[in-house]
Amino acid sequence: MASKNLLRETLQGLKMSKKGKIKFDPYWAERGEHILEGYKGDLGLSPNCAGVMDRLSSRPLKKSSFLCSSSGGCSPDSSAGSVSDINTINTTFSAATPLKNKRRHLASPLSCKAVSDEMNSETPEADVSKVSSPVSLPAISLLSSKAMQTAGCIDRIEKKHQEKAKSALRLRQEKLVVAVADAASEQLKRFEELMELKQKQEDQSMRDMRDRETKESMVRYEKLKEEQRHRMKNLNLSQKVAEPEQQQLWEAELERQTQVDGRERLQNLHTIQVEILQLNQLLRPSSQTKTDLPPTSISSYSTRGNQLCSQVSVVVRKTAEGQFPSVEDMTMAEQALHEMRALIQLMQEEVVKAHEWKKEEQEQEEKCRKMAALQAQQDVQKKAAQSAQQKAMKKGLQNTAEDSTLKWYKELQQTAAQCAQAIEQLSTTKDAQTKKLKQELQKAATIPVSQISSNSGSQLREIFDKIDKLLSGGAVVSGGKSVSVSQHPQGLDFVSYKLAEKFVKQGEEEVASHHEAAFPIAVVASGIWELHPRVGDLILACLHKKCPYAVPHYPPMKDGTPVEEYQKILGYRVGESGVEDQDSFLKRMSGMIRLYAAIIQMRWPYISKQGSLPHGLNHGWRWLAQMLNMEPLADITATLLLDFLEVCGNALMKQYQGQFFKLMLYLKEEYLPRIEAVTSSGQMGSVSRLQEFLETALQNQQISPPKGQLSSRFWRT
């Protein structure tokens, strides 16, 4: 019971302390204070605590104990004025400290100096000053169960107050946010109302201003109308007064205007007369009209022109008597002029028609001459093929090309060697500026050839025009820079040589991989060849050098020639790793033969020349006939014959018709067994494909057009 009374007294004392007198102030936020400002203050005890401390000190504590680090042991003591009483007071005082100090686990004893002073002030008979301060004793205080219970109660009360304060703070914050949102919404609503009111005021002011302007306009209109009525009234009065004088002035003005119109008509009449006389000169017989028009037409045109001139002359003679031409006279003269112009136009149209008819007649005659020449050529080729066939049947086939073919081959190689020697200075230059020019010229020549494709005819025409312009001496743009062959004396030869090499390289690489690419490359090469024959000779020379079978020519091996060097002459690539394999070699040779077969049948469609191709189908017939006159080689002969016939067979069939199929029959029955005789069993693939192609062609008497051939629709893209 006593302990409960002591607890109540203790709580009553704490309640009267500063911490126990916390009050909630709703205006703490307006003053910028914290809601627990009073709670965060320093700890203080009320005056009633002194009585509590006295009563505690007079009671014996049975369960208190001390750990003294200085003595190393523990001893109970119950005397009121001893150090144990003071430590007991400190222990009870420690239970009344805030939770923050209590969580430090009471690592050090509390100083009892403040407590001792307060006890001395309340109970002067208690002489505690003589006792040594417990601060100097390094002891650890242990709370009793009652003290712990008291501390727990204080801790719970503190937590309860903290939770209430936090709840109040959150509630106040939520109310504040809602109030701010409501205020902002109300402010926005007022702003919108203000803007709407302002807009209405502006609209009303605009309407008022328009109304004012309308009223002012009406007033001005009425004033002007009144002024106009007044002016018309005055004008009528003045006209009545000055009518006789006005009549005289009007007659004088009419006479003057008549004179002016008469002079103008007279001037126009003279102009018409001059023009009609000039046009009549065109109707007279001339050297051109004599050759283009029949005499009867010329005579009729001339007679009608003279009649029109006479009509105009009659009108002009009237003016010589001092009269001006009338409107009817001018109408007649103008009609005569229009008829003269129509007569001239009709005569010119007739001249154009006569010229076109004459041109067609000449073209027809030229066509007949070409047909006669072609027939004669076919007869010669027929005789040559028959003689070659008879020679082969009697003496067997040749091992080398004919003398005329070898001579032609050597002349081309000599031309290429001379060109290479001529550009040696530019090719091997060490001057930085000249070297840069050489690179730009080479790019301008080779890059367009690399861009040739079958995408569209317009793109192909742009590439052709760029190459033609470069070879013609014009400036072209390459790599963002303008370059021309005229910038160096050897520029034209250099570009021609590099261009020929690039065309052959495209056949060696691009056509070898994609057979259909032969036709766009060939049509550009054929057009350049036709406009620039020197480039065509260099293309043939480069082609023969890399593929001697395009001559056709099987170079013999001379004494003392190394094997690798001889393989280079035959067209093989020889590098550090050795000679290329047979499949790669056949693929390259096939690409170049396909390009050659496409060139001899293609023609650039935008060239106005009507003559024969510089290297046409007659060279294809010559190549095929000479190939069949030479002893076949294993693998290569069958492959190249098949490639050539797939690309050029359809064109040769249309050109030579029956003679071509006779040659195909000879190839199948006489020449193919010779190929099989020199071909091993592992190389019979190309022979089988050639045999199948020949059997199909002879059975159907037809060879299909090659894949990738450019149609007329292509040039409209």
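I started at threonine 434, where a polar contact of 2.8 Å joins its side chain to that of aspartate 431. The model I am reading is predicted.

**Entry: threonine 434**

I looked up the secondary structure and found threonine 434 in helix H13, which covers residues 432-450. Is threonine 434 buried or exposed? Its relative accessible area is 19%, and the cut-off for buried is under 20%, so threonine 434 counts as buried.

Next I listed its contacts, leaving aside neighbours within four places in sequence. Threonine 434 touches Leu426, Thr429 and His488.

**Entry: helices H14 and H15**

I moved on to helix H14 (residues 457-471) and helix H15 (residues 491-513). Two packed helices are described by the angle between their axes and the distance between the axes. For H14 and H15, I noted axes that come within 10 Å and cross at roughly 145 degrees.

Which residues make the contact? From H14 I wrote down Ile467, Leu470 and Leu471, and from H15 Leu492, Val495, Ser496 and Leu499. Sorted by type, the residues of this contact are six nonpolar, one polar and no charged.

**Entry: serine 496**

Which residues does serine 496 contact, leaving aside its neighbours within four places in sequence? I found Leu471, Val535 and Leu538.

**Entry: the whole chain**

I noted 23 helices and six strands in the protein chain. Of its 717 residues, 36% count as buried. The accessible surface comes to about 44,400 Å², and carbon and sulfur atoms hold 53% of that.

Among contacts with a separation of 6 or more, 76% are between residues 24 or more positions apart.

**Entry: confidence**

I checked pLDDT last. The chain averages 76, and 74% of the residues score at least 70. Where does pLDDT stay under 50? I marked residues 60-141, for which the model has 81 contacts beyond four places in sequence.

Terms used
Residues numbered from 1 in each chain as written. Predicted model: local features only at pLDDT ≥ 70, side-chain atom pairs only at ≥ 80, totals over all residues. Heavy atoms only, no water. Helix = DSSP H or I, 4+ residues; strand = E, 2+ residues; numbered from the N terminus. Buried < 20%, exposed > 50% of the residue type's maximum accessible area, 1.4 Å probe, protein only. Contact = heavy atoms within 4.5 Å. Polar contact = N/O pair within 3.5 Å; in protein donor to acceptor, adjacent residues only side chain to side chain. Areas by Shrake-Rupley, 256 points an atom, 1.4 Å probe, with all protein chains shown as cover. Axes fitted to C-alpha atoms, helices over the stretch in contact; angles between N-to-C directions. Nonpolar A, V, L, I, M, F, W, Y, C, P; charged D, E, K, R; others polar. pLDDT = per-residue confidence, 0-100.
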